[in-house]
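Biologist: I have a new model open and would like to walk through it with you. Could you start with how the strands pair up?

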Amino acid sequence: MPATQSDAFVRHDLMEQLVDARQRTDDLFAVVKADSLYERPIAERHRIVFYVGHLEAFDWNLFHERVLGLKSFYPEFDRLFAFGIDPVGGGVPTDQPSDWPKIAAVRDYVKRIREVLDEKLSDALADSVPPTPDGFALSPLLNVAIEHRPMHAETLAYMLHQLPLHRKVPHKESPNTLAPPVAHRSIDIPAGSVTLGLGRDDGLFGWDNEYEAHRVDVPAFTISSSSTRRDMKRKRSGETVTTMQTGTGNPSTESRIPLSGSMKAIAGGTARCSTMSHCR
Ligand SMILES: [Fe+2]
């Protein structure tokens, strides 16, 4: 089937989204001084260097063999940065900085993967490669790779917040921290019907547990205009967003639902990603 102008737009858009997503996590890593990349700001999580390699290893493990038919050039890193170094006995990790590769080698791994994926994925999108043997088309897999980054950006942001100031690169200009006080108010939402989940034929990307679509009648209610503490706590736990399309003319209403196992199902193998708990 010949590619249409719309197909070309989707291809371009997906690759652009991947590049943008990389920039978001690159910006976060740039906050950390070079001599502090082996720090572990949160005892239960990996050292920062793991995440530098992990984001690329995830993409590579997702695409290189099943989609692109490429051999790995560094299988040891593919495994290390997919799984990390698991603590023995279920306690907090005890690995030492010396257990990890030098940052120059990790940066080289990242650079090489990006170069290969950028070229090969663009070709594969242009050629409309057939679905993988396990039934996934390239477009949903790319969406998995794209969404994986901001999920980690969120957890990295609060992890780096725990990093001592002297380990961060200072901003040239102080951010403007003055802001007007938040004006709390209540919003009345009228009764209406809402569609939860996605229909298989909607043509929209979703995780496996975000299908099927079903409609629910919701009575009128009142909601605060500001996030509550509980919202913030749930956000930090790595849950992901699904969109509720309301029947009240407000398509932007969002609800957070757990994503247990969905990304794992689509990524599989050594990619090993479900929720953010997978890579501490
Ligand atoms: Fe991950």
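Modeller: Strand β2 (residues 192-196) and β3 run antiparallel and are joined by five bridges, where strands count as paired if DSSP finds at least two bridges between them, and where helices (H or I, at least four residues) and strands (E, at least two) are DSSP runs numbered from the N terminus. This is a predicted model, in which local features need pLDDT of at least 70 and side-chain atom pairs count only at pLDDT 80 or more, while totals for chains, interfaces and linings use all residues. Residues are numbered from 1 along each chain as its sequence is written.

Biologist: Which residue in β3 does T195 stand opposite?

Modeller: T195 stands opposite R215.

Biologist: And how many residues of β3 are buried?

Modeller: The count is zero among the five residues of β3 (residues 214-218), so this strand is hardly covered; a residue is buried if 20 or more other C-beta atoms, placed from the backbone, lie within 10 Å of its own, exposed if 12 or fewer, and partly exposed in between.

Biologist: What is the peptide bond from Y211 to E212 like, cis or trans?

Modeller: That bond is cis, with omega near 10°, and E212 is found in the loop between β2 and β3.

Biologist: Changing topic, how many helices and strands does the chain have?

Modeller: The chain has seven helices and seven strands, and buried residues make up 23% of its 280 residues.

Biologist: How many residues of α2 are buried?

Modeller: In α2, 16 of the 16 residues are buried, so this helix is largely enclosed by the rest of the structure.

Biologist: What span should α2 have, and how far apart are its ends?

Modeller: The expected span is 1.5 Å times one less than the number of residues, so the 16 residues of α2 (residues 48-63) should span 22 Å, and the end C-alpha atoms are 24 Å apart, which agrees. There is also a kink of about 30° in α2, centred on H54, the bend being the angle between axes fitted to the seven residues ending there and the seven starting there.

Biologist: Which residues have the most contacts inside the largest nonpolar core?

Modeller: They are V49, V52, F63, L141, L142 and A145, in a core of 38 residues; such a core is a set of buried Ala, Val, Leu, Ile, Met, Phe, Trp, Tyr and Cys residues joined through C-beta atoms within 7 Å. Helix α2 gives the most to this core, with 11 residues.

Biologist: What does V49 touch?

Modeller: Leaving out residues up to four places away in sequence, V49 touches L37, Y38, W100, I103 and V106, where contact means that the C-beta atoms, placed from the backbone, lie within 7 Å.

Terms used. Contact = placed C-beta atoms within 7 Å.
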